[in-house]
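This report walks through a protein model, starting with a sheet and moving on to the helices around it. Please look over the sequence and the structure before reading further.

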Amino acid sequence: MLRGTEGETTIKTYQEHRPTTFEGIYGQDTVVFSLKQFLRDGNLPRAILFSGPPGCGKTSLGRILASELGVTQMGLSEINFASARGIDVARDIEQASKVMPMSGKNRMFLIDEAHQATAQAEQALLKLLEDTPPHVYFVLCTSEPEKLSRAMATRLTVFTLSLLSPDQIRGVIRDLDPEAPQNAITAVVEASGGSARAAIVLLNQLHAAGYTDEAITQFTRVSGGETAEYKNLVADIVTGGPGKWNSVYTAIRATPKDELERLRWAILGYAAAVMKDSGKSDKCVRVILLFESPFFQSGVPGFLAAAYRAIHLK
């Protein structure tokens, strides 16, 4: 727990809580043990795939591996195939892999959302993954390994990560805020769906509200989807498509400003619950990121902007 500038207590966001050593990784003991063995023996595979649901530590493990391998910031290239996934990106990777890093002895390409690569990009990367330069490591991350081509999958050493157990989520919460009341912990454990990232975001919501009984009761109700008034609106924002925008726009414009925070909590809780569905988990993570902060300053216009972006996520 951190101390604010005026004495108030704050807790870390998920970005601040992201582990930087193997010891900080929760619930992935088998994977961590295997990686440590590879590193100790000096034979870490050059092309690795971390597979698992969002929020379980895939990207964090990639960054930790980079640190263990002596990859400096200048030698680490992080690429998200959700936004840049075509043949030009693959060609840039190929060209960069031929050059030694300006500092450090190794270079790493950490590729998130690897399953979203185009067929042409995958084809261009196959040779690199099979015959990787001696100073280069590839770490690919995906929540949907079944979407990778067989040709690419067979060139990767796969490590499968899993969602955290309720006890492990409680451990995350205790590390973040040892003073969190039991009813808040229970509510976050149930709403997080086993995702450490979702748990951290949701805990921040309750902490910001002061862990009052009223806030926890309301959080439990809306995260459990029991509030009929918001059920359809919340579902449309989280899992609906562009065709739902007109009705969502009308509903939000009709929502009193002092009700926006309640609606935001409902969206966070619903998204965390739906994250268990692998076909929707990636979108739910991005929805959580859009709504993780209150809209105290921007009010209805800011909420509308976030909802528009959420509905148009692919």
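## A pair of strands

In which sense do strand 3 and strand 7 pair, and over how many bridges? The pairing of strand 3 (residues 47-51) with strand 7 is parallel and runs over four bridges. Within it, Leu49 has Val158 of strand 7 opposite. The model in which this is seen is a predicted one.

In general, the strands of a sheet are paired through backbone hydrogen bonds, in either a parallel or an antiparallel way.

## Helices on the sheet

## Helix 9 and its partners

The angle between the axes and the distance between them describe two packed helices. For helix 7 (residues 166-176) and helix 9, the axes come within 10 Å and cross at roughly 45°. Helix 7 is therefore oblique to helix 9, and their crossing is right-handed. On the helix 7 side the contact involves Ile169, Val172, Ile173 and Leu176, which meet Ala196, Ala199, Ile200 and Leu203 of helix 9. By class, the residues of this contact are eight nonpolar, no polar and no charged.

Helix 9 (residues 196-208) also packs with helix 8 (residues 182-192), at an angle of about 140° and with the axes 9 Å apart. Helix 8 and helix 9 are therefore oblique to each other; an angle has to be over 145 degrees to count as roughly antiparallel. Helix 8 passes helix 9 in a right-handed crossing. Ala184, Val188, Ala191 and Ser192 of helix 8 make the contact with Ala198, Ala199, Leu202, Leu203 and Leu206 of helix 9. Here the residues divide into eight nonpolar, one polar and no charged.

## Helices 14 and 15

What does each helix bring to the contact? Helix 14 brings Lys283, Val287, Leu290 and Phe291, while helix 15 brings Phe303, Ala306, Ala307, Arg309, Ala310 and Ile311. Eight residues of this contact are nonpolar, none is polar and two are charged.

## The whole chain

The protein chain as a whole has 15 helices and seven strands. Its radius of gyration is 21 Å, close to the 20 Å that the globule rule gives for 314 residues, so the chain is as compact as a globular protein of that length. Along its principal axes, the C-alpha trace spans about 60 × 45 × 35 Å.

Methods: Residues numbered from 1 in each chain as written. Predicted model: local features only at pLDDT ≥ 70, side-chain atom pairs only at ≥ 80, totals over all residues. Heavy atoms only, no water. Contact = heavy atoms within 4.5 Å. Helix = DSSP H or I, 4+ residues; strand = E, 2+ residues; numbered from the N terminus. Nonpolar A, V, L, I, M, F, W, Y, C, P; charged D, E, K, R; others polar. Pairing = 2+ DSSP bridges. Axes fitted to C-alpha atoms, helices over the stretch in contact; angles between N-to-C directions. Parallel < 35°, antiparallel > 145°, perpendicular 65-115°, else oblique. Left-handed = near helix turned anticlockwise from the far one by under 90°. Rg over C-alpha atoms; globule rule 2.2 N^0.38 Å.
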